[in-house]
Amino acid sequence: MRHRSVADLMTPTAVAVQPGTPFKEIARLLDEYGITAVPVVDEANRPVGVVSEADLLRRHTAKDGPSTAEAMMSSPVVVARPSWTAVEAARLMERHRVKRLPVVDADGTLIGVLSRSDLLQLFLRRDRAIQEEILEDVVTRILGLSPASLHIDVAEGRVTLSGTLPRRSIAPIFLRLCEDVDGVVEVVDRLSYEDETAAAAGAKAPGAGPKVAGAGPVGAGPKVAGAGANEARGAREGTPGHGDQTAHGDQAAL
């Protein structure tokens, strides 16, 4: 998976001024090229500062001191490298609250300028290109999954993931890789997982009810404690009432 770099997005023919460039010339360049700031370079074309619209307005309001680029510029200058990713450059802009970054080579020489509008090109990427990169690079090459088990829908940079993953543990990695694809604005997770589906099916299998310990054969009623002893005692003592009947019989014979 290849991210677009600063070199891919920057404006290669950068407008720059010298330290001695006057106020009005700088204002004219900003207006002519539709830019908000311009790098200041030395004799070796290495950036030494930046003059922005805010610097010009500040100088115009103060109305004192020299009106050259060297006097008005912000320094030291914050620069980017051509090999950086767009994300790295965007974070640097946010950290230093700047809208443009001079881009320099290994020798520190100015080779271009990266602006916020350049970075926005990432989000103009076609939905089809985003979908193809996720399927080919993320799903197949990096994760080694079958594209047939997944559905990737992309609309206006919004990626919706559905289908089945082998394990839930893969999901955080999958989502993060999709978020890192250039042009992705949002990722929506509607995935299911084979391991959880199998576990749920096992829990609902027929005949899996709890077994009652000590359960006897079907139809066997409860056994009454002491019943055998009562029967034995009855055999020894005779059935109740039989003794009385014998006595009455003897009296009748008399």
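Which residue forms a salt bridge with Glu-25, and how far apart are the closest N and O atoms? The partner is Arg-28, and the closest N and O atoms are 2.7 Å apart. A salt bridge here is a side-chain nitrogen of Lys or Arg within 4 Å of a carboxyl oxygen of Asp or Glu. Side chains of opposite charge can pair when their charged atoms come close. Glu-25 and Arg-28 both belong to helix α2 and sit three residues apart, about one turn of the helix. Searching the whole structure gives nine salt bridges.

This is a predicted model: local features need pLDDT of at least 70, side-chain atom pairs count only at pLDDT 80 or more, and totals for chains, interfaces and linings use all residues. Residues are numbered from 1 along each chain as its sequence is written, and side-chain values use heavy atoms, with hydrogens and water left out. Helices (H or I, at least four residues) and strands (E, at least two) are DSSP runs, numbered from the N terminus.

**The sheet**

Three strands form an open sheet in the order β5-β6-β7, with mixed pairing. β5 and β7 are the edge strands with a single partner strand each, so one side of each has no neighbour in the sheet. On average, neighbouring strands are turned by 10° against each other, direction ignored. Two strands count as paired if DSSP finds at least two bridges between them.

| Strand pair | Sense | Bridges |
|---|---|---|
| β5 (residues 150-155) and β6 (residues 158-165) | antiparallel | six |
| β6 and β7 (residues 186-193) | parallel | eight |

Asp-153 has Thr-160 in β6 as its bridge partner. Val-159 has Val-187 in β7 as its partner. The hairpin of β5 and β6 has two residues between the strands, and Glu-156 takes a positive phi near 55° there.

β6, helix α8 (residues 171-179) and β7 build a right-handed β-α-β unit. Right-handed means that, with the strands pointing away from the viewer, the path from the first strand over the helix to the second runs clockwise.

**Helix packing**

Which helices cross at roughly 145°, with axes that come within 11 Å? They are α7 and α8. Axes are lines fitted to C-alpha atoms, for helices over the stretch in contact, and angles run from 0 to 180 degrees between N-to-C directions. The α7/α8 crossing is right-handed. A crossing is left-handed if the near helix is turned anticlockwise from the far one by less than a right angle, and right-handed if clockwise. Ile-134, Val-138, Val-139 and Ile-142 of α7 make the contact with Phe-174, Leu-177 and Cys-178 of α8. Contact means heavy atoms within 4.5 Å. By class, this contact has seven nonpolar, no polar and no charged residues. Ala, Val, Leu, Ile, Met, Phe, Trp, Tyr, Cys and Pro count as nonpolar, Asp, Glu, Lys and Arg as charged, and the others, Gly among them, as polar.

Helix α2 (residues 23-33) also packs against a helix, α3 (residues 53-62), at an angle of about 145°, with the axes 11 Å apart. α2 passes α3 in a left-handed crossing. From α2 come Phe-23, Ile-26, Ala-27 and Leu-30; from α3 come Glu-53, Leu-56, Arg-59 and His-60. This contact has five nonpolar, one polar and two charged residues.

**Backbone exceptions**

Most residues other than glycine have a negative phi, and most peptide bonds are trans. Asn-45 is not a glycine, yet its phi is positive at about 65°. Asn-45 lies in the loop between β1 (37-41) and β2 (47-52). The peptide bond from Ser-75 to Pro-76 is cis, with omega near 0°. Pro-76 belongs to the loop between α4 (69-72) and α5 (86-96).
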